Amino acid sequence: MRNWSGSDLKLRLTLRVAAVATLCFAVISGYFLFDSDRSVRARIAAVADVAARTLELQQNKIQWLNNARAEFPDLEGVAASVMAPGLCLAFRSNGGEISQRFCGGAQTDTAAPPLAFAALYRRLFDPGRETVRPVVARGHAIGEAVVWVDPAVLTAEAWHDAGRLMAVLMIALPLLCALVYAALSRALRPTRLIRDGLERIAASDLAARLPPFDLAELSAIGDVFNQLAARLAAALADRNALTQKLILVQDEERRHLARELHDEFGQSLAAIRALAASARLTAVRDCTPLLAECDGIARTATDMMETLRGALFRLRPPDVDELGLAASLEGLIAGWNGRSRGQPRFEIVLSGSFARLPSSVNANLYRIVQEALTNAAKHAGATRVVLRLQMREAASGDGEIALAVEDDGRPGDGQSDPHGDLQVKSGMGLLGMRERVAALGGRLSFEVVQPHGTSLRVVVPVAAGAEAAAVERAA
Ligand SMILES: Nc1ncnc2c1ncn2[C@@H]1O[C@H](COP(=O)(O)OP(=O)(O)OP(=O)(O)O)[C@@H](O)[C@H]1O
Ligand SMILES: [Mg+2]
């Protein structure tokens with residue numbers, strides 16, 4: 001019946017948190033990369049502005065002083081003040097040739113980024129892009145200042161920054177997962193109690209209740225669970241009381257029917273037999289051909305009386321309280337052995353004392369055994385049927401009666417459910433047995449036994465008070 005399949009909630013939530021954290025880290029890393037690219041671009045633009053202004057000043061100075069020998073372009077001063085690893089600074093004339101260029105050397109201590117990262121970075125940021133500023137003298141563009149950064153240097157720097165973030169992720173993620181898992185385990189610990197409670201209810205332990213929980217949601221579930229268990233217990237108690245009443249009414253009705261049959265039908269049959277005997281005497285004297293009919297009437301009346309006696313016995317069992325349960329059951333077994341002539345053989349095994357049982361327990365157990373033996377004889381095709389009755393007494397004085405009717409016949413067409421209970425198409429017999437057991441607050445199971453056969457098991461609690469009352473009643 002138990003089926004706790006499906007993935008672990010704690011694991012599932014932890015994996016989700018890990019996925020969300022990884023996504024956050026990826027977004028943060030992306031933001032950092034964009035931010036550092038923006039600041040690199042701003043620095044390059046500033047350098048390009050300075051270079052263009054410096055070149056314009058140099059050109060203006062040459063023209064004012066008419067000094068054709070002065071060196072142009074001269075980016076050495078600018079390069080000295082702004083130079084950084086990988087940064088390149090150049091002047092490109094209108095014709096497109098680079099007349100001067102300065103490049104800062106790349107750092108060699110940074111690890112080369114993986115190819116996939118380099119390709120992605122190149123695609124997203126175009127790191128080798130040039131920043132160009134026109135150099136204007138006397139209103140004419142004479143060339144342009146060009147600034148760029150070696151893409152390999154930019155990619156390596158970005159990989160270095162991203163690598164640091166990834167290292168943080170590597171340390172933080174398992175830590176985060178462990179913390180989330182531990183917090184969830186703690187928060188969900190009460191669900192184990194709820195599951196245990198449900199299992200107890202499923203096993204008919206209606207006294208199961210849940211304690212209050214810290215979490216409001218679980219506390220609400222606990223309250224509903226407790227209310228349901230209380231209502232179920234009350235409904236079951238009502239049903240048991242009603243069933244008990246029905247059984248009493250049914251037994252009373254059977255007694256009434258038996259009385260009527262005995263007093264009316266039985267008397268009439270006896271009268272028919274007497275009349276048949278008297279008619280026979282007359283026939284012997286006056287009309288011998290009627291002798292056969294008279295004998296036939298007497299035989300039929302005798303057969304009907306036999307049948308009636310059997311029906312009366314079934315309708316009104318011996319007074320179990322008076323005889324005692326053990327003696328009544330022994331009588332029942334003897335009756336079956338007499339009728340079946342060893343096919344099947346009925347046996348009884350008693351253990352414990354059954355002298356002090358309440359009359360409701362006596363009467364119901366007798367009826368249950370009566371139906372179980374009838375079923376074994378009717379359906380099982382068994383060679384041996386054993387009735388076991390055991391009184392188990394606890395130290396507290398309370399006890400229980402365990403009853404079993406086992407046969408070695410066919411188990412019928414029923415299928416066993418996951419509890420091992422044989423599921424058969426219930427007739428009035430099994431239904432009545434279940435009702436009687438429920439009315440006594442006991443348990444009934446009907447199982448297949450190996451290698452073949454079935455076993456009907458009933459356990460009925462007997463409270464110490466109930467026994468004492470029975471003793472008083474008997475006194
Ligand atoms: N000892 C048994 N061995 C094999 N099958 C059994 C046994 N007892 C009961 N059964 C199966 O369980 C079914 C239900 O039994 P139940 O006593 O409720 O009804 P019934 O005996 O068929 O009819 P009723 O008792 O109402 O006259 C039976 O029809 C039979 O298939
Ligand atoms: Mg039956």
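Ile-44 touches Thr-131, Val-147, Trp-148 and Val-149, leaving out residues up to four places away in sequence; two residues are in contact if their C-beta atoms, placed from the backbone, lie within 7 Å. The structure is a predicted model, in which local features need pLDDT of at least 70, side-chain atom pairs count only at pLDDT 80 or more, and totals for chains, interfaces and linings use all residues. Residues are numbered from 1 along each chain as its sequence is written, while chains are lettered from A and ligands numbered from 1 in the order in which they are written.

Ile-44 is found in helix H1. Helices (H or I, at least four residues) and strands (E, at least two) are DSSP runs, numbered from the N terminus. Ile-44 counts as buried because it has 21 C-beta neighbours inside 10 Å. A residue is buried if 20 or more other C-beta atoms lie within 10 Å of its own, exposed if 12 or fewer, and partly exposed in between, with C-beta atoms placed from the backbone. Ala-19 also has its place in helix H1, but Ala-19 is exposed, with 10 other C-beta atoms within 10 Å.

How far apart in space are residues that stand 87 residues apart in sequence, such as Ala-19 and Ala-106? From C-alpha to C-alpha, Ala-19 and Ala-106 are 37 Å apart. For Ile-44 and Thr-131, which are also 87 residues apart along the chain, the C-alpha atoms are separated by 6.9 Å.

Strand S1 (residues 87-93) and S4 run antiparallel and are joined by 7 bridges; two strands pair if DSSP finds at least two bridges between them. In this pairing, Leu-89 stands opposite Val-147 in S4. S3 and S4 run antiparallel too, again with 7 bridges, and Val-132 stands opposite Val-146 in S4. S3 and S4 form a hairpin with 2 residues between them.

Most residues other than glycine have a negative phi, and most peptide bonds are trans.

| Site | Feature | Value | Loop |
|---|---|---|---|
| Phe-72 to Pro-73 | cis peptide bond | omega near -5 degrees | Pro-73: between helix H1 (9-65) and helix H2 (76-82) |
| Gln-450 to Pro-451 | cis peptide bond | omega about -5 degrees | Pro-451: between S10 and S11 |
| Arg-341 | positive phi | about 50 degrees | between H8 and S5 |

Are the two arginines buried or exposed? Arg-138 is exposed, with 8 other C-beta atoms within 10 Å. Arg-341 counts as exposed because it has 7 C-beta neighbours inside 10 Å.

**Nonpolar cores**

In soluble globular proteins, nonpolar side chains tend to be buried together. A nonpolar core is here a set of buried Ala, Val, Leu, Ile, Met, Phe, Trp, Tyr and Cys residues joined through C-beta atoms within 7 Å. The largest one has 35 residues, and Leu-365, Val-369, Leu-373 and Val-405 have the most contacts inside it. Two or more residues each come from helix H8 (325-340), H9, strand S6 (384-393), strand S7 (399-407), H10, strand S10 (443-448) and strand S11 (454-462). H9 gives the most to this core, with 10 residues. Leaving aside neighbours within four places in sequence, Leu-365 is in contact with Leu-325, Ile-401 and Leu-403. Apart from this core lies another, of 27 residues, among them Tyr-121, Phe-125, Ala-145 and Val-149.

**Around ligand 1**

Which of the 18 residues around ligand 1 come nearest? They are Asn-375, Gly-427, Met-428, Gly-429 and Leu-430. A residue is near a molecule or strand if its C-beta atom, placed from the backbone, lies within 6 Å of it. Helix H9 (359-380) and helix H10 (428-439) are the elements that give two or more residues to the shell, and H9 provides the largest share, 5 residues. By class, the shell has 6 nonpolar, 8 polar and 4 charged residues. Ala, Val, Leu, Ile, Met, Phe, Trp, Tyr, Cys and Pro count as nonpolar, Asp, Glu, Lys and Arg as charged, and the others, Gly among them, as polar.

**Confidence**

The protein averages a pLDDT of 86, and 93% of the residues score at least 70; pLDDT is the predictor's confidence in each residue, from 0 to 100. Confidence is lowest in helix H11 (residues 464-474), at a mean of 54, and highest in strand S5 (residues 345-351), at 95.
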